[in-house]
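Hi everyone, thanks for making the time. I'd like to walk you through one structure today, so please have a look at it on the screen while I talk.

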Amino acid sequence: MNILVTGGAGFIGSNFIRYWLEKYPEDYITNLDALTYAGNLENLKDIESNPNYTFVHGNILDAALVDTLVEKSDKVVHFAAESHVDRSILGPEAFIETNIKGTFTLLEAVRKHKKHFHHVSTDEVFGSLSLGDTAKFTERTPYAPRSPYSASKAGSDHLVRAYSDTFQVPVTITNCSNNFGPYQHPEKFIPRMITNIMDGESIKVYGDGLYVRDWLFVKDHCRAIDSILQKGNVGDTYVVGGMSEDINNLEVAKLILDYMGVGEDRIEFVVDRPGHDRRYAVDWTKIHQDLGWEPEHHFQDWLKETVTWYKANEAWWRPLKTQAEQFYASK
Ligand code: NAD
Ligand code: TDX
């Protein structure tokens with residue numbers, strides 16, 4: 001099988017390529033990535049000389065390039081996106097371009113060449129749940145995005161569904177909760193805390209810190225996409241989440257401080273994110289019942305592993321952190 005992966009030089013895409021080539025060494029992967037600030041070929045250093053892997057430096061908005069690559073592939077797995085909520089507040093336009101128009105460009109090509117398109121989306125399209133509530137997102141939850149990021153992802157989801165209904169393009173969609181693990185950019189919450197602690201700095205907790213995310217180890221997300229590519233029902237959406245411990249940001253911060261042997265005086269409450277969604281939780285019954293998937297990696301164990309990985313890989317994250325600090329300081 002030839003798989004075209006978009007955004008494979010980012011966090012989840014690079015983990016997915018490594019996962020796939022380890023599990024299916026006879027398959028071929030082409031990685032189309034524009035190498036934005038979030039794309040980093042260092043994420044795939046161990047893969048670059050694999051004869052079954054090809055990197056193409058290009059933009060998903062380039063219709064001619066996309067057409068050529070889609071024609072040569074059997075399936076497309078679409079990760080490429082602007083992915084950080086805080087950046088979408090500082091500058092929404094790139095999110096509209098990449099997440100909506102970029103997805104449209106890919107859809108036109110898969111429509112023409114009749115290829116299976118797997119769209120990687122987020123649980124943030126469903127908006128915010130309330131604290132103390134037991135409700136969870138399902139495949140039937142109405143869309144209610146609240147940030148430019150989640151609105152742009154919702155727009156892309158709607159286009160994918162429309163191409164399925166109107167043009168019978170074979171699509172599948174995942175709406176996944178917050179991922180964590182190796183190669184996540186240090187501007188995101190968990191790596192930002194670990195790297196700040198390593199630098200002797202305070203960790204920045206937005207608002208009251210009582211925000212809940214449904215953390216999923218990145219490899220479990222890769223396994224979920226694998227099960228959908230192998231046996232998912234064409235036209236279907238699957239929501240994907242972790243073990244729903246309803247752990248809040250402050251509790252995550254305290255776990256990391258504990259693992260790193262640092263006191264809670266390092267916590268600094270900072271100004272809140274505008275439109276900050278209070279709680280996410282995912283009910284992944286459908287993918288469990290239909291495809292047998294469930295998360296395998298327990299949050300606390302793999303959070304500890306993630307701390308260990310960042311401690312051992314300062315050379316990987318240091319340039320990214322320096323660049324991100326310069327970017328945010330300039331805003
Ligand atoms: P990321 O920001 O780490 O990586 C995005 C990648 O896309 C980068 O390599 C970047 O260079 C590339 N890219 C950006 N614009 C491009 C363009 N126009 N053309 C080609 N490549 C481009 O993102 P991530 O965290 O790995 O997320 C991957 C996907 O998963 C996104 O679609 C995101 O919405 C979704 N998602 C992420 C999470 C999460 O917790 N990180 C959870 C659910 C869903
Ligand atoms: O320094 C911080 N302090 C803080 O309290 C940062 C960066 C974040 N936070 C909070 C905001 C959120 O409640 O931590 C939580 C997680 O924040 P992010 O890591 O920015 O993730 P989130 O906004 O929840 O979105 C992530 O999961 C869903 C990904 O970035 C998205 O791409 C994905 O769709």
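Let me start with a term: when I say contact, I mean heavy atoms within 4.5 Å. Now some ground rules. What you see is a predicted model, where local features need pLDDT of at least 70 and side-chain atom pairs count only at pLDDT 80 or more, while totals for chains, interfaces and linings use all residues. Residues are numbered from 1 along each chain as its sequence is written, chains are lettered from A and ligands numbered from 1 in the order in which they are written, and side-chain values use heavy atoms, with hydrogens and water left out.

With contact defined, take Asp 86. Setting aside residues up to four places away in sequence, Asp 86 touches Tyr 206 and Arg 273. With Tyr 206, there is a side chain to side chain polar contact at 2.7 Å. A polar contact here is a pair of N or O atoms within 3.5 Å; within protein, one must be able to donate a hydrogen and the other to accept it, and residues adjacent in sequence count only if both atoms are side-chain atoms. Asp 86 sits in helix 3, residues 85-90. Helices (H or I, at least four residues) and strands (E, at least two) are DSSP runs, numbered from the N terminus.

Is Asp 86 buried or exposed? Its relative accessible area is 13%, so it counts as buried. The cut-offs are under 20% for buried, over 50% for exposed, and partly exposed in between, with a 1.4 Å probe and protein chains only.

Thr 98 is another buried residue, at 15%, and its place is in helix 4, residues 93-113. Beyond its neighbours within four places in sequence, Thr 98 is in contact with Ile 60, Ala 80, Ala 81, Glu 82 and Thr 103.

Ile 60 brings us to the ligand. A polar backbone atom of Ile 60 is 3.0 Å from a nitrogen atom of ligand 1. Taken alone, ligand 1 exposes 840 Å², and the protein buries 96% of that. Those areas come from the Shrake-Rupley method with a 1.4 Å probe; for residues, only the protein chains shown count as cover.

How many residues surround ligand 1? There are 28, and the closest are Ile 12, Asp 33, Ser 83, Tyr 149 and Lys 153; being near means having a heavy atom within 4 Å. Strand 5 gives the most to this shell, with three residues.

Most residues other than glycine have a negative phi. Leu 35, though, has a positive phi near 55°, and is found in the loop between strand 2 (28-33) and strand 3 (53-57). Tyr 183 has a positive phi too, near 70°, in the loop between strand 7 (179-180) and helix 6 (189-198). Leu 35 is partly exposed at 28%, whereas Tyr 183 is buried at 17%.

Finally, the whole chain. It has 11 helices and 11 strands, and 56% of its 331 residues count as buried. The C-alpha trace spans about 55 × 45 × 40 Å along its principal axes. Among contacts between residues at least 6 apart in sequence, 83% join residues at least 24 apart.
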